Amino acid sequence: MANFSSSQSPTATFGNCTDESASFQNIYTSLIYSILFLVCFPGNIIVISTYIFKMRPWKSSTIIMLNLALTDLLYVSCLPFLIHYSINGDNWVFGRFMCKFVQYNFYFNTYSSILFLTCFSLFRCCVVVYPMRCFSIQKQRWAIVACTAIWVASLLAISPMIYLVTTKQSSTRWICMDFTDTEDLKLARWFNWLLTIFAFLLPLGTVTLCYAMIIYTLARGPHTGTAYKQKARNLAIVLLAVFYVCFLPFHILRSVRLELKLHPVNCEVMQQVLNIFTVTKNLASLNPIGNLILYVVLGDNFQQAMLSICKQILKTNKK
């Protein structure tokens with residue numbers, strides 16, 4: 001998700017079509033979420049501790065990445081609810097409020113992560129490509145203003161989720177519905193396209209352009225060290241992988257899924273879409289792992305600070 005991730009009932013999703021692979025999907029989804037929680041919950045706590053206690057003085061990039069780690073921690077904190085939901089056969093037992101809260105939280109993580117990574121890329125592009133003209137942008141106040149704007153924009157952008165997300169009873173179980181399963185499909189369609197265009201495709205184009213400019217500028221600069229160029233390339237690869245591998249397939253399949261709900265096709269096609277959507281949904285949920293790799297790639301200072309935190313934790317546990 002964001003980070004988005006949740007399980008949907010196939011019957012609720014595809015009307016009279018039945019899902020023959022629901023059991024496999026539940027096992028697959030619960031396994032992915034469990035691994036994600038075990039890796040990213042302690043991982044983000046260590047990252048946040050490193051930024052707060054070891055990375056001083058804070059630069060603008062430090063403030064942006066700290067906020068990204070906070071949103072990832074909020075995301076993975078809700079994973080136990082979805083793990084229980086998948087293991088329990090898509091039966092939501094936590095009530096309507098928690099369904100709305102969990103879904104809202106996942107979409108918030110997805111789009112705040114996209115915007116934080118875009119903001120980080122813009123700051124980095126300005127510093128590398130226009131170092132003299134953009135010297136002031138490295139000051140803390142600009143990062144604080146940008147992060148505050150991203151929190152507010154993300155919260156407002158997904159506010160329709162409060163209306164679109166709900167629970168629904170199906171035979172003997174309660175289903176926590178995604179916004180693509182709402183009865184108001186026309187509103188969901190418009191909401192999906194607005195999110196896709198303005199909260200994903202526009203940032204995707206911006207990030208791609210930023211790293212193309214960064215790599216081009218460094219390639220032309222003979223004074224730039226090989227190690228610095230390699231670090232910039234590694235950073236571009238990891239960040240673009242998060243966008244193109246985690247987020248892009250999810251947005252494509254979500255749009256296809258909504259269009260097919262508005263223009264129904266046969267059950268076989270619906271089944272194939274559901275299977276692919278399940279895979280892309282889990283790819284989207286893996287973006288916090290990409291972010292953890294990103295923190296490490298950022299530089300040696302962070303790596304040394306994180307190792308120091310880990311050593312302190314190990315010493316405390318031994319006592």
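Contact, as used in these legends, means heavy atoms within 4.5 Å. The structure is a predicted model, in which local features need pLDDT of at least 70 and side-chain atom pairs count only at pLDDT 80 or more, while totals for chains, interfaces and linings use all residues. Residues are numbered from 1 along each chain as its sequence is written, and side-chain values use heavy atoms, with hydrogens and water left out.

**View 1. Helices H4 and H5 cross in a left-handed manner.** Helices (H or I, at least four residues) and strands (E, at least two) are DSSP runs, numbered from the N terminus. The axes of H4 (residues 79-87) and H5 (residues 95-129) come within 10 Å and cross at roughly 115 degrees; axes are lines fitted to C-alpha atoms, for helices over the stretch in contact, and angles run from 0 to 180 degrees between N-to-C directions. A crossing is left-handed if the near helix is turned anticlockwise from the far one by less than a right angle, and right-handed if clockwise. On the H4 side, Leu-79, Phe-81 and Leu-82 meet Met-98, Val-102 and Phe-106 of H5.

**View 2. Asp-90 occupies the loop between H4 and H5.** Most residues other than glycine have a negative phi. Asp-90, although not a glycine, has a positive phi of about 60 degrees. Its relative accessibility is 3%, and Asp-90 therefore counts as buried (buried means under 20% relative accessible area, exposed over 50%, partly exposed in between; 1.4 Å probe, protein chains only).

**View 3. Pro-80 is part of helix H4.** Pro-80 counts as partly exposed because its relative accessibility is 36%. Ser-34 is 46 residues away from Pro-80 along the chain, yet their C-alpha atoms are separated by 7.8 Å.

**View 4. Cys-125 is a residue of helix H5.** With a relative accessibility of 6%, Cys-125 counts as buried. Apart from neighbours within four places in sequence, Cys-125 contacts Tyr-130, Cys-210, Met-213 and Ile-214.

**View 5. Strands E1 and E2 form an antiparallel hairpin.** Four bridges join E1 (residues 167-170) to E2 (residues 173-176); two strands pair if DSSP finds at least two bridges between them. Lys-168 stands opposite Ile-175 of E2. Two residues lie between the strands, and Ser-171 takes a positive phi near 55 degrees.

**View 6. Helix H3 is mostly covered.** Of its 18 residues, 14 are buried. The 18 residues of H3 (residues 60-77) should span 26 Å at 1.5 Å a residue, and the end C-alpha atoms are 26 Å apart, which agrees. The expected span is 1.5 Å times one less than the number of residues.

View 7. Residues 107-130 are 96% helix and 0% strand, with end C-alpha atoms 34 Å apart. For residues 142-165 the values are 83% helix and 0% strand, and the end C-alpha atoms are 35 Å apart.
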